[in-house]
Each structure stands twice: as C-alpha cells, then as structure tokens.
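Please open the structure in your viewer and keep the selection tool at hand.

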Amino acid sequence: MSVASSALLSVDSAPPQPFRIVPFDGAVGAEVLGLDLSQPLNGDDFQRLHRAHLDHAVLVMRDQRITPEQHIAFSRRFGPLQIHVLKQFLLEQHPEILIVSNIVEDGRNLGLGDAGKFWHSDLSYKLLPSLGSMLHAQELPSEGGDTLFADMHKAWDAVPDALRRVVKGREAAHSYTARYAEDRFTGNWRPTLTAEQLAQVQEVIHPVVRTHPETGRQALFVSEGFTTRIIGLPEDESRDVLQQLYALSVLEQNVYRHRWQPHDLVFWDNRSLIHLAAGCPAHLRRKLYRTTIQGDAPF
Ligand code: OGA
Ligand code: MN
C-alpha cells in the first residue's frame, strides 16, 4: 500500500494486527507481541489492548519505532492527556510529552531527572489523577534504570482486618510539594516552582481505598511519594498507619521489575499500580518520553 493511501485509511478500516498478549509469570503485567504502533490500529484491536491493560495493569510493547506524534495519538485514544506542571521539561512543540531524563546539556537539565524516586501513582496530587501513563524509551543506560510496578489491588488484599477497620472509609491528603524539595532528592533536578505552578498543585484529598472505575476492583490509593496524612487520625497514628500500608504495597511477590530495552513502550494503569524508578549511575545517560492520560476523580 502506498504511503498516501495508508495515511487515508481510517483507523476503523485498518487491517487487523495479529498481536498476542502474554502475561508475565509474576503478579502483574503482560507483554504484547506482534504489535506495531507505527501502523494504524483498528477499533477492535484497540479494544483488545484496552481490555489487556485492564486485565494486566502494565503492558510492555517492545521495539516500537514511533514518533512523538504517534506516541501522543495512541495515548489520546485512552483519554485526554495531562500537561505536567514542570513546563521546562516538556518536549518542544509537544507539551503532551514530559521528558524524563538525567541528562544535562550545556548546564541545562534536559528533563525531570529524578522522576519516580519514591513509590507513587502519577498525578495523585491532582483532583483528577492519571488513568495511566506511557513511557517510551529514547536513550538507556548500560546498567540500572529499571522501573518497578506494584499491584495495589493485591496490596489492599494483604491489609489485615484490624488495619482495614482503621482506614476503611477514610481519606488521605496528597501533595506534590510536600516532598518536592526534600534533601532526599539529591542533585539539582527540582526547579523552584513559580506562583503559577504552585497554584496548579494545591493539596487534594482522595479515598485511601479506591474503586477502579472500569473493573470495579478495590485498590489501595496511598503512596510515599505524594500522600502526606490520613484525614481524621492523630498525626503519629496517621504516620504509623501509612508506613504499614506502604510496606504492604510493595511485597516482592506483587512487584514487576521492568528492564528497559531500546524503543520499549510501557503503558501502566495508575489506578491499579504504584511505581518506582530504581535509578542508575548518575554519569550514564537515560531519557524517556512520558504521556499521561487523565482519569476520573477517585471514589
Ligand atoms: C514517571 C516515572 C520512572 C522511571 O515517568 O512517571 O515515575 O523509571 N518514571 O523513569
Ligand atoms: Mn511516575
């Protein structure tokens, strides 16, 4: 088919792509084999991927030779995209893409260098947190740089009854700024937020246990990255309860470790998982492009 006629093909009349969904051995995640996102994806195939995303919470699509435009267009099929508050790290001409990178060029940080240093769910500090995020590998270090994903449905299942009674029906505060400038963020990755940026990241309150809006499953929805306290508990009890919940969230058997390969596209569900950047030696270059899809208000 010529380039011109393939460009005219509407997504719904595109030929099927014979991809397979192969679940990982561990608790969560699946690899999608035989998918090419540089080619159009018809409605039925899109529905299969959507279903797989709900079933497995993290989809690994290897070797996707896609442009930022294609990354954005694919992401948009799942919902409206969110623009990150750190405007200085958005891809030029494509503000829907956040550059996640430790690279410094001419004294300037190319991207957000320490994204995901603590377990978190993307944008849980917003009234409408993210449904899911897609990271596309651009440049990878020769060692380290893995991303870990933990299943928050299984986390909630693991909470003992006594602790369940303490948190059930409660809400917790989430803040982008609480840990933003903490000493634990070594290096100089975090620019001072302007008044305009601060206004976009006011503290929000979400249920401690949320219902996944598409599957109806319960998931724990707190994480050390952005959760600051449980509303209505004394400060020391809130801290203690959160520590217990964090520990139960990242039990080894409920974690998938993603080892990045060139051109990987990884799409995860922020309503079902928390994730963590394992980090890499500072002198090794790492760069990924992220899109973030807006989700519903947690309930
Ligand atoms: C993110 C994130 C982790 C990583 O981009 O949302 O948390 O390993 N990244 O880069
Ligand atoms: Mn993240």
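A polar contact is a pair of N or O atoms within 3.5 Å. This is a predicted model, in which local features need pLDDT of at least 70, side-chain atom pairs count only at pLDDT 80 or more, and totals for chains, interfaces and linings use all residues. Residues are numbered from 1 along each chain as its sequence is written, chains are lettered from A and ligands numbered from 1 in the order in which they are written, and side-chain values use heavy atoms, with hydrogens and water left out.

First, select ligand 1 and Asp122: a polar side-chain atom of Asp122 lies 3.1 Å from an oxygen atom of the ligand. For Arg290, the corresponding distance to a ligand oxygen atom is 2.6 Å.

Next, select the manganese ion (ligand 2). Its donors (N, O and S atoms within 2.8 Å of the metal; water is not among the atoms, so sites may look incomplete) are His120 (NE2), Asp122 (OD) and His275 (NE2), at 2.1 to 2.2 Å. Along the sequence, these donor residues follow the spacing H-x1-D-x152-H.

Finally, return to Asp122, which coordinates the manganese ion and also has a side-chain atom 3.1 Å from an oxygen atom of ligand 1.

Technical notes. Polar contact = N/O pair within 3.5 Å; in protein donor to acceptor, adjacent residues only side chain to side chain. Donors = N, O, S within 2.8 Å, 3.2 Å for Na, K, Ca; no water.
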